[in-house]
Amino acid sequence: MPHPIHESETAFLNLPRAAAYLGISPNTLYVWRHRRQGPPSFRMGRRVMYRITALDAWVQAQEQADSRSNPALNPLTQKPQRRMNAPK
């Protein structure tokens, strides 16, 4: 889970610091960036950077997309669907 950032800290993290912030390996974050799967990033000169607010928003979106974290997506709480009659 992301760590709170103090106001005195920067608003951007490079790839290794962003990986540490998310609690994953830098290689995983690099692969996600290459596959365009992970949190949004951008280049600042030669460095790949991540906005901390974007990392937090991305984590929140991942939580909401997971049925274990979002009761609205839990299939056990959904009303069963009726079967359609087969055409004769």
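Modeller: Helices here are DSSP runs of H or I with at least four residues, and strands are E runs of at least two, numbered from the N terminus. Asp 56 sits in helix 3. This is a predicted model, where local features need pLDDT of at least 70, side-chain atom pairs count only at pLDDT 80 or more, and totals for chains, interfaces and linings use all residues. Residues are numbered from 1 along each chain as its sequence is written, and side-chain values use heavy atoms, leaving out hydrogens and water.

Colleague: Why is Asp 56 called partly exposed?

Modeller: Buried means under 20% relative accessible area and exposed over 50%, with partly exposed in between (1.4 Å probe, protein chains only). Asp 56 has 31% relative accessibility, so it counts as partly exposed.

Colleague: What makes the link between the side chains of Asp 56 and Tyr 21 a polar contact?

Modeller: A polar contact is a pair of N or O atoms within 3.5 Å; within protein, one must be able to donate a hydrogen and the other to accept it, and residues adjacent in sequence count only if both atoms are side-chain atoms. The Asp 56 and Tyr 21 side chains make theirs at 2.6 Å.

Colleague: And why is helix 1 called roughly perpendicular to helix 2?

Modeller: Angles of 65 to 115 degrees count as roughly perpendicular, under 35 as roughly parallel, over 145 as roughly antiparallel, and the rest as oblique. Axes are lines fitted to C-alpha atoms, for helices over the stretch in contact, with angles from 0 to 180 degrees between N-to-C directions. The axes of helix 1 and helix 2 (residues 26-35) cross at roughly 110° and come within 8 Å. That makes the pair roughly perpendicular.
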